[in-house]
Every structure is written in structure tokens, then in C-alpha cells.
Amino acid sequence: MANVNPNLRLRGLLLWWRKWGKKDWAIAATGFSIIVFILTYFSRRLPLPLDPAATALTTDNLVGLTLLHNARDRGALCLDGSLPGYHFRKGFGSGSNNWLLHIEGGGWCNTIASCLERKSTALGSSKYMDHHVRFSGILSHQSSQNPDFFNWNKVKIRYCDGASFAGHPQHEFKNGTKLLFRGQLIWEALLDELLSIGLFNAKQALLSGCSAGGLATLIHCDDFRERLPKDATVKCLADAGFFLDEKDVLGNYTMRSFYQDVIQLQGVAKSLQKNCITRMDPYKCLFPQEIIKETRTPIFLVNPAYDFWQIQHILVPDASDPQGYWKRCRMNLRYCNPSQMEILLGFRSSLIKALSDFQQKKEGGLFINSCFSHCQTWMAETWHSSTSPRINGKTIAESVGDWYFNRNMVKQIDCPYPCNPTCYNMDFT
């Protein structure tokens, strides 16, 4: 069975998940909120990683926070009105003119109440952001951990707007809530600042993001391409950002309803593809299945077929399981009975079907493994190490590198669970 016992880093998720899973915004709070917790947990409590050879936990890995310099003049502010931020590590050697941007995830807020709650956290205010974060996985500067991108200029973009950098100030409420919906302005101001410090001269560039950050990557992928030199190689990577428009086990479209609320609250439709919103309801255009149809820039999609966040919040949200029939299964796939596994297999089939047209795109790349996981690019253990998940012998890092540098066409789709013994399968029990 493809099940790896969770290490100390991953077990720390459980209490956090239980606490926030009951809150209003958690229905669509992406798994990167969990990832933010893990990062804090890693840096403060764990003396050694799973693979010491792959991740050296030294102060050399810590990268400081930079607040966006002209953000206030441009009105590009977090939910609470504080300055947005990013972490930047300068490239070296052959990577001096190459850039990798990674957008942090952390869900969305779809109501005034959930946005007000969010603005008192690092996902809504730079006042609560860690001043230093650890760069690992796709952001690592170590060749053993990040063979193709280790010496590139790297930027981790902090996420503090609650709408995948797609909100607009015209939808702000002037009734005393003091909430700012400036995601699109943050994106534009951030990109301008990075262009001014060297991105404008990029020879190669990769825009990436995890979960809600993966969705932001897809939303802004073509704009990123258009702002860079025409002769630069520019591509995009979305990790665990392919959210499905699927019914839950009671037949309700939980995610669809949530996206409708986010779009209405924060005016997200203005950041979506114009061709799409003229043809259909804007909420449909926020789902990646529609976004990738018209995106011109090459895209690579990393996604587990058994994405634990989507299983827990789209397929089996709390409200759809009042009797707790799914309680153990949605926390560890080992406890799923045959009928539950059949439903999970159907969810996997929906993902594959949603990607059917994309598979025909020559420039597109895929890495769909059979793991019970979520974001997999940010951590060495799942990005590239001796124990990383593999498909056909390739790690995610190797597959992304093959695709980016045109070494091979990469359309990796794993067999169904539990076929892959290299998986890191989460265990919330």
C-alpha cells in the first residue's frame, strides 16, 4: 500500500485543521493555509528534516521580508491596509538573469465576516507575517534539492488579499468594515517593482504558486508573459491549484457557491478572461478548467489525484457528512471502505476528464500522482529528494525541469491509489 507514516512536520497539521475546518471561510480555505502552519512549525520546532542531505536547516536558508515600496501611493494594500510583501533571493552564476516567482496560497474569504477575521492574520496583513521564511523545494538554492532552478533569482510572494490577487477596490464596502479588496493592484505593483530590480532583463522565467497561489498563477499567467521581454522563455506552474467544480456527496455544488460569493464580494470578474465571462457565468471562469482553455502561455499542472483539501472541502465538506460516515476516510485513505473508494475513484476520474483537452496541448505539462496530498513543490521531501514521490522514476522537480527546458514532453498521470509506493500520503488521525 502506498502509505508513508507522517513525520513530525506533517503530524502538526491535525490540531490546526480541526480548529479552522469549522470556520465560515474554511469551506474554501485552500490547503496552503495548512502549509503556512507547517512552515512555521518546521522553522521553530524540528531540529532535522526527513532528508538532512537534501535540506540544510541553516540561517543561510532564511530570506527576509521586503515590503512593497510604492504600494501605498498606488493603493496596493492588504485587506487591513498594511503594505504587501515578498521575499527575494538574488540569483547567481548562470542563473543571474533567470527568475522564479512563487505565489503563496492560503484560501479565500467570501463574506465580510470571514474577511474581517482574515485581516488579523498573515493572510490578510503584513503585520503578522514572519520577517524571515525558509526557502526550500522549488525555492531552494541548493543544486541537490533543486537541480534546474537552484541558482535563479527567486521570489516568494506573500498572499494578503483573500482573492488570489484578483480583487478590485470598486467592490469595497464603505460602511465601517475598513476592508480593502486590492488584489489586482497588489499584483500589478509587485510585478512593476520586480521588473525594476531585474525581472525586466529576464532570459528565462517561471511563475509558480501553490493552492490559491496556484489559481493566482493561472489567472495572471498571460499577463506575466506579456510584461516580460519577447525573447524570454516564460512559463507557468500551478501546484494543487486545479480546483474542480464537482458536487459533494450530497449532490451540492459547495465550491461553485463559494466562488460565486468571492466573485461578488471582491469583484474578481474584472481579472478573469474577457472571452470567458462574455460566454458564461463569471464563477465558471474562476475554475482552472476554463482558465487553461484560453491561456496562451505554456502551463505545467502538478496535482494529486486524491487532493486531501479537495476531498475534505469539495467532495466531503463537513456539512455533507453530519453522521460522520466519512470521518475516518477523509482523514486517511486507509480507512475508506470499498464504496467510499469507488466515490474517490470517481473524483479522480473527474479530474482526468477535466484535463482531457489540456493533455492534447503540446506545450502543456502534467504531473498527476495518486497521493493523498496537497501542495508538493514547496518542500524538498516532495519536490526532489531520495524519497520524493515519483512517476515512471521521475520526481516532480525532474519532470518540471524536463518540461521547462524542452528535454521531454511530460504528461505524467499515475495509476489509481494505492498503486504508487513513493507517495507521501497524509494521515490526519
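Trainee: Which residues touch the most other members of the largest nonpolar core?

Mentor: This is a predicted model in which local features need pLDDT of at least 70 and side-chain atom pairs count only at pLDDT 80 or more, while totals for chains, interfaces and linings use all residues. Residues are numbered from 1 along each chain as its sequence is written, and side-chain values use heavy atoms, with hydrogens and water left out. A nonpolar core is a set of buried Ala, Val, Leu, Ile, Met, Phe, Trp, Tyr and Cys residues joined through side-chain atoms within 4.5 Å; buried means under 20% relative accessible area, exposed over 50%, and partly exposed in between (1.4 Å probe, protein chains only). The largest core has 89 residues, and those touching the most other members are Leu101, Trp108, Leu199, Phe224, Tyr259, Leu301 and Leu344.

Trainee: With which residues is Tyr259 in contact, leaving aside its neighbours within four places in sequence?

Mentor: Contact means heavy atoms within 4.5 Å. Once those sequence neighbours are set aside, the partners of Tyr259 are Trp108, Leu215, Phe243, Tyr283, Leu286 and Phe287.

Trainee: Is the disulfide of Cys109 and Cys115 right-handed or left-handed?

Mentor: A disulfide is a pair of cysteine sulfur atoms within 2.5 Å, and the structure holds eight of them. The sulfur atoms of Cys109 and Cys115 lie 2.1 Å apart. Cys109 is buried at 0% relative accessibility, and Cys115 is likewise buried at 0%. With 90° about the S-S bond, the link of Cys109 and Cys115 is right-handed.

Trainee: What is the handedness of the link between Cys276 and Cys285?

Mentor: Cys276 and Cys285 form a disulfide with sulfur atoms 2.1 Å apart. Cys276 is buried, with a relative accessible area of 1%, and Cys285 is buried at 2%. The value about the S-S bond is -95°, and the link of Cys276 and Cys285 is left-handed.

Trainee: Why is the disulfide of Cys415 and Cys419 right-handed?

Mentor: Cys415 is joined to Cys419 at an S to S distance of 2.0 Å. Cys415 is partly exposed at 37%, and Cys419 is partly exposed at 30%. This disulfide is right-handed because the torsion about the S-S bond of Cys415 and Cys419 is about 105°.

Trainee: What is the omega value of the cis peptide bond that joins Tyr417 and Pro418?

Mentor: Pro418 is in the segment after strand S10 (411-413). Strands (E, at least two residues) and helices (H or I, at least four) are DSSP runs, numbered from the N terminus. For the cis bond between Tyr417 and Pro418, omega is about 5°.
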